[in-house]
Amino acid sequence: MKAAILKAAKQPLQIEDAPQPRPSTDQVLLRVRACGVCRTDLHIIEGELPPRMEALIPGHQIVGDIVDGATPEFPLGTRVGVSWIGGIDGTCPYCRRGFENLCDAPVFTGYTVNGGYAEYAVARSDFVFELPSELDDLHAAPLLCAGIIGFRSLRVAGVEPGDRVGFFGFGASAHLTIAVLRSWNCEVYVSTRGASHRQLATTLGAAWVGSETDKPPVELDRALTFAPSGDVVIAALSSLRKGGVVAINAIHLDRIPQFDYDRLLWGERQIRSVANMTRSDARDFLKIAADIRLQPKVTVFSLDQANEALAAVKNDAIDGAAVIVP
Ligand SMILES: [Zn+2]
Ligand SMILES: [Zn+2]
């Protein structure tokens, strides 16, 4: 099969022939229909996350048809999605408490195991999600990481229908999450760099849009941050009402600057991080996405153009999401 393979950090992916994977007893074999490109793929390829495999096929937003390893739940031909969490141990203290997103020994698709920048991929059969027919391949792929994580951050922030919600940053995850909030009749206030991101936020129904240094004109019930910057967390906190929550949507932050506790955090304001996802986050979000006919903005690349797709994401050269179609 054809695949895009990372042989060494900071090197372009090599597009070449690779052996077709064989599913083990707990896996399904997928013929890949589409695979979304995520910023985490860039962190892996550029070596910011330490290498875990010698030759790696990246990609963790996979849409594929089951062509081997069918189960009673997923017969041959079922169209399923695969996300960043490709498995858990099920035995660690977090799994036993029901916090599978915090598992001590998770499998990461396209990082600790091969992913979907290829014609075929294997996935654990208990970590694939049947895709609703309302979502076509191209528009389902970006939902599988950016969308699910954005949805989880709404849960972590405790968003209620009708809330005033601030977004600090407006990338792939934010542009999906705003659609869910609009369907819950929430007002969304967006502070972000980049005229094109501000334009997109306006188009998608933001109540107010400003630059990254502009303060929303109202006190926020909840705030989500989408940039790897601690300054943004402080900006979010300083717009929050008493009892409000900031949910940080970033695996890595530069640092959080010193801030005034009395003014910014007292009054039962909270700062929480958002880590990974659970399978119920995935299933609940995909159902909502189908109900509201969520249509992410996508730009399609062929597998031969995998490096171009990554460059486009890195350079913010496209609005919305990049999707590779093998
Ligand atoms: Zn991702
Ligand atoms: Zn675990």
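Q: Is His60 buried or exposed?

A: This is a predicted model, and the values here are computed from it. A residue counts as buried under 20% relative accessible area. His60 has a relative accessible area of 0%, so it is buried.

Q: Which protein atoms are donors of the zinc ion (ligand 1)?

A: Donors are picked by distance to the metal, with a limit of 2.8 Å here. For the zinc ion (ligand 1) they are Cys38 (SG), His60 (NE2) and Cys145 (SG), at 2.0 to 2.2 Å. Water is not among the atoms, so sites may look incomplete.

Q: What spacing do the donors of the zinc ion (ligand 1) follow along the chain?

A: The spacing is C-x21-H-x84-C. His60 and Cys145 are 85 residues apart and link distant parts of the chain. His60 sits in the loop between α1 (39-45) and β4 (62-68), while Cys145 sits in the loop between α3 (137-140) and α4 (146-157). As for burial, Cys145 has 6% relative accessibility and Cys38 has 11%; both count as buried.

Q: Which residues coordinate the zinc ion (ligand 2)?

A: Asp89 (OD), Cys92 (SG), Cys95 (SG) and Cys103 (SG) do, at 2.0 to 2.3 Å. Their spacing along the chain is D-x2-C-x2-C-x7-C. Cys95 is buried at 13% relative accessibility, and Cys103 is buried at 8%.

Q: What geometry does the site of the zinc ion (ligand 2) have?

A: Four donors count as tetrahedral if all angles lie between 85 and 135 degrees. The angles among the four donor atoms of the zinc ion (ligand 2) run from 95 to 121 degrees, and the site is tetrahedral.

Q: How many disulfides does a search of the whole structure find?

A: The test is a pair of cysteine sulfur atoms within 2.5 Å. The search finds zero disulfides. Cys35 is one cysteine in no disulfide: the nearest cysteine sulfur, that of Cys38, is 9.9 Å away. Cys35 is itself buried, at 0% relative accessibility.

Q: What radius of gyration does the protein chain have?

A: The value can be compared with a rule for globules of a given length. With 326 residues, a compact globule would have a radius of gyration near 20 Å, and the 19 Å of the protein chain agrees with that. The C-alpha trace spans about 60 × 40 × 35 Å along its principal axes.

Q: How many helices and strands does the protein chain have?

A: It has 10 helices and 17 strands. Of contacts between residues at least 6 apart in sequence, 68% join residues at least 24 apart. Of the 326 residues, 52% count as buried.

Notes: Residues numbered from 1 in each chain as written. Chains lettered and ligands numbered in written order. Predicted model: local features only at pLDDT ≥ 70, side-chain atom pairs only at ≥ 80, totals over all residues. Heavy atoms only, no water. Donors = N, O, S within 2.8 Å, 3.2 Å for Na, K, Ca; no water. Helix = DSSP H or I, 4+ residues; strand = E, 2+ residues; numbered from the N terminus. Buried < 20%, exposed > 50% of the residue type's maximum accessible area, 1.4 Å probe, protein only. Tetrahedral: all angles 85-135°; square planar, octahedral: opposite > 155°, others 65-115°. Rg over C-alpha atoms; globule rule 2.2 N^0.38 Å. Contact = heavy atoms within 4.5 Å.
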